[in-house]
Amino acid sequence: MAPEPTIDDPKRVCVMDASGRLGAALVERLLSKGYTVHAAVQTHVDDLQVFDEMSNKKKNLKVFRSDPFDYQSLVEALKGCSALLYSFEPVQQEQDSFDQELMAEVEVRAAHNVLEACAQTETIEKVVFTSSVTAVIWREDRQSTEEFQERNWSDVNFCRDYKLWHALSKALAEKTAWALAMDRGLHMVSINAGLLVGSDLTVQNPYLKGAAQMYEDGVFVTVDLKFLVDAHLCALESTSSYGRYLCFSHVINRSEDAVKFAKTLSPSKVVSLPHSWEDGKICQQRISNKKLNKLMMDFKS
């Protein structure tokens, strides 16, 4: 019998795409916890000053230029790592329908290539895959769902018919990743995140397509960066993590919260508020993150 593959360093992990907001925050947190980090940044990213400054201070940081469509670059970034924390950061988000639909195909291909590279990397023991709440909540019969949980999936045909391109991309990419993970015997965990809030959030964010309906349905949820990073680290480090985890830190289901949120968007002057956001109603919450809360109960950030 062949010997079991050995991990060069059990605390050596890869973050891909490290050039995104979430990825960069994960790199910083992992380094602070003593991990050796392979920061895989997209080949189109020119400004690596932040990583250069970090690598000068942190000898356990290695920066890799990677492309989800260049298989060898993925293999190089993953070499010797025990885990991958993966999030897809597109080169750009075009606003016309054709490019948005095409983006779904791009994200699916990227997920397939990354999971295949993980399957071919003997040292990889776990993959933490960043997905979205939008991969859970969109379907024709959603009103019949009393509470959305991890078992629910968005209907890709419904998403395509109503041009919900973000939901379509996330649902198809996550399904592709799960199919490949199960076929190759990879231990994968997905973090299905709400809308990531911050000063860079704009009205053009594709997650916001259908925001008024999400509000009415009681499933309009957001997550702050620290909580999202905590969730990823918990999923990585916990030996009991499995399957999907809905991840959000705030539910927007009161009109005052909706109005306050809308005013934080940039540029705020072009935001047109749906009437339902200003009528004083409270929408019943119909989404649960109990599974993640239970996992994180004893997690120390």
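## The chain as a whole

The model is predicted. The protein chain holds 11 helices and 10 strands. Of its 301 residues, 52% are buried.

Take the contacts in the protein chain with a separation of 6 or more: residues 24 or more positions apart account for 76% of them.

## The largest nonpolar core

The largest nonpolar core has 35 residues. Within this core, Val15, Val27, Leu30, Val37, Leu85, Leu236 and Cys247 touch the most other members. Several elements each supply at least two residues: strands S1 (12–16), S2 (36–42), S4 (83–86), S6 (188–193) and S9 (243–247), and helices H1 (21–32), H9 (225–237) and H11 (290–296). The largest share comes from H9, with 8 residues.

Leu30 shows how the pieces meet. Beyond residues up to four places away in sequence, Leu30 touches Val13, Val15, Tyr35, Val37, Leu85, Leu233 and Leu236.

## Leu26 in helix H1

Leu26 is found in helix H1. Is Leu26 buried or exposed? Leu26 has a relative accessible area of 2%, and buried means under 20%, so Leu26 counts as buried. Leaving out residues up to four places away in sequence, Leu26 touches Val15, Leu85, Val229, His232 and Leu233.

Leu26 and Ala39 are 13 residues apart along the chain. Their C-alpha atoms are separated by 9.5 Å.

S1 is mostly covered, with 5 of its 5 residues buried. Arg12, Cys14 and Met16 lie on one side of S1, and Val13 and Val15 on the other. Both faces are covered. S2 is mostly covered too, with 7 of its 7 residues buried. From S2, Thr36, His38, Ala40 and Gln42 point one way, while Val37, Ala39 and Val41 point the other way.

How do the strands join up? S1 and S2 pair in the parallel sense over 5 bridges. Val15 stands opposite Ala39 in S2. S1, H1 and S2 together make a right-handed β-α-β unit. S2 also runs parallel to strand S3 (residues 61–66), with 6 bridges joining them. There, Val41 has Arg65 of S3 as its bridge partner. S1 also pairs with S4, again in the parallel sense, over 4 bridges. Met16 has Tyr86 of S4 as its bridge partner.

## Cavities

How many cavities of 30 Å³ or more does a search of the whole structure find? The search finds 3. The largest cavity holds about 80 Å³ of space.

Which residues line the largest cavity? They are Met16, Asp17, Ala40, Gln42, Ser66, Asp67, Pro68, Tyr86, Ser87, Phe88 and Glu89. Met16 and Tyr86 are bridge partners, and Ala40 and Gln42 point one way from S2.

Asp257 is found in helix H10 (residues 255–264). Asp257 counts as buried because its relative accessible area is 14%, and the cut-off is under 20%. Apart from neighbours within four places in sequence, Asp257 is in contact with His250, Val251 and Ile252. The buried residues of H10 are Ser255, Asp257, Ala258, Val259, Phe261 and Ala262. They pack against strands S7 (195–196), S8 (221–223) and S10 (250–251), and against helix H8 (211–217).

S7, S8 and S10 also form an open sheet of 3 strands. The order is S7-S8-S10, and the pairing is mixed. S7 and S10 stand at the edges with a single partner strand each, so one side of each has no neighbour in the sheet. S7 and S8 pair in the parallel sense over 2 bridges. Leu196 has Val223 of S8 as its bridge partner.

Methods:
Residues numbered from 1 in each chain as written. Predicted model: local features only at pLDDT ≥ 70, side-chain atom pairs only at ≥ 80, totals over all residues. Heavy atoms only, no water. Core = buried A, V, L, I, M, F, W, Y, C linked by side-chain atoms within 4.5 Å. Buried < 20%, exposed > 50% of the residue type's maximum accessible area, 1.4 Å probe, protein only. Contact = heavy atoms within 4.5 Å. Pairing = 2+ DSSP bridges. Right-handed = clockwise from strand over helix to strand, strands pointing away. 1 Å grid on protein atoms, 1.4 Å probe; cavity = no way out; pocket = protein on both sides within 12 Å on 5 of 7 lines; lining within 4 Å. Points joined across faces, edges and corners; volume = space filled by probe spheres on them.
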